[in-house]
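Here is a short tour for someone meeting this protein for the first time. Have a look at the model, then read on.

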Amino acid sequence: MPEPMQVITLAGSSNSGYVDGAGSAARFTGPYAITIDNTGTMYVAEAGNHRIRKVTNNGVVTSIAGPAPGVTPMIGTTDGIGTAARFTSPFGLALQSGFLYVADYGSHRLRKINLSTNEVTTIAGSSSGYLDGIGTAAKLQQPNGLSIISGQLYIADRSNNRIRKMDLTTNEVSTVAGSSYGYLNATGTNARFTMPSGMVSDGAGNLYVADLGNNRIRKIELTSGLVTTIAGDGNATFRDGVGENASFFYPVGLAWGGAGTLYVADVANNRIRKIEVNTGKVTTLAGSGAGFADGTGSAAAFFSPTGLVVDADQNIFVADQVNHRIRKMSKYAIKPAPPVS
């Protein structure tokens, strides 16, 4: 049996909207992806509000880029500083050296935010399509998950059914794996994905991919380009088990927990799952059916959880999309978000 995980709400409430504030006084609309820095500060790609938000480890929410309240248009591709910038359904985040990289799903672009100034620039992509190239000459189609490894930004190019990478020195975009949609374990572009979504690195040269349309978790050995399946039988249902005897239903978010542990936001199952990558064993840490409840293990409830990140203390933070909340999971007793004064 997996260790019990206590789930609380860190920020947000069932009332969607756009409000900066502390704990339940803050409002989100469809938070989708989440990442964290080494101080415990989290960044949230808020797809429903087309903004990038910041959340402290005690649940204080502020905005760093995207339109101010009541300002239109809400969506777009405008580069600029803070509220002058526009996004269109940001879906993926990666953080490195004071820069936040954003997969701007609806605009088919990769954006970069300088966190010291909140300046947003476009670093790759333009119109929807598929083309390797440099910067805005490259084409993407609904980019989703991001992961940075050794100066390379890896991109789950969801509707192109490919894994791409961008050299952060030259801005050159190339294709790592995948071609047309389907399911096939193979090397490089001979492999097949169907709507790859979240991605995460294990820090040892392997990239894990939530292959949403195939209901599987895949692994890419970056030195060889070999793509394999570590868990999931392809059936859109729920089952704990080992390797391809386990089942997922639209896995989206991934987080690396260290020590061979991979966490999965299993969206349509409304659960947070755990994979022991050395054995392929899949267990459920929290959640059951769709809903909202803080609690422990299966007594907790999520509604389409999409984004995951793990902090230095092995707490798991969840972008609980349809509940419009950021949730926190821990093996230890944790206090609820601070009351609003």
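Is G234 buried, partly exposed or exposed? With a relative accessible area of 25%, G234 is partly exposed, because that class sits between buried (under 20% relative accessible area) and exposed (over 50%), using a 1.4 Å probe and protein chains only.

## Before you start

This is a predicted model, where local features need pLDDT of at least 70, side-chain atom pairs count only at pLDDT 80 or more, and totals for chains, interfaces and linings use all residues. Residues are numbered from 1 along each chain as its sequence is written, and side-chain values use heavy atoms, with hydrogens and water left out.

## The whole chain

The protein chain has 29 strands and 0 helices. Both are DSSP runs numbered from the N terminus: helices are H or I with at least four residues, strands are E with at least two. The C-alpha trace of the protein chain spans about 55 × 50 × 30 Å along its principal axes. A compact globule of 341 residues would have a radius of gyration near 20 Å, and the protein chain agrees with its 18 Å. That radius is taken over C-alpha atoms, and the globule rule is 2.2 Å times the number of residues to the power 0.38.

Of the 341 residues of the protein chain, 59% count as buried. Take the contacts (heavy atoms within 4.5 Å) between residues at least 6 apart in sequence: 44% of them join residues at least 24 apart.

## The largest nonpolar core

A nonpolar core is a set of buried Ala, Val, Leu, Ile, Met, Phe, Trp, Tyr and Cys residues joined through side-chain atoms within 4.5 Å. The largest one here has 20 residues, and I52, I64, A65, F87, L93, L100 and I113 touch the most other members. At least two residues of this core come from each of β3 (31-36), β4 (42-46), β6 (60-65), β8 (90-96) and β9 (99-104).

What does F87 touch, if residues up to four places away in sequence are not counted? Its partners include H50, I52, A65, M74, V102, D104, R111, I113 and V120.

Most residues other than glycine have a negative phi, and most peptide bonds are trans. A cis peptide bond joins T72 and P73, with omega about 0°. P73 has its place in the loop between β6 and β7 (80-81).

Y250 is not a glycine, yet its phi is positive, near 60°. You'll find Y250 in the loop between β21 (241-242) and β22 (251-258), and at 38% relative accessibility Y250 counts as partly exposed. A259 also isn't a glycine and has a positive phi of about 50°. The loop between β22 and β23 (261-266) holds A259, which is exposed, with a relative accessible area of 84%.

G234 lies in the loop between β20 (226-231) and β21. Not counting residues up to four places away in sequence, G234 touches N214, N215 and R216.

E276 is found in strand β24 (residues 271-276) and, at 30% relative accessibility, counts as partly exposed. Leaving aside neighbours within four places in sequence, E276 is in contact with G260 and K281. E276 and I64 are 212 residues apart along the chain, and their C-alpha atoms are separated by 36 Å.
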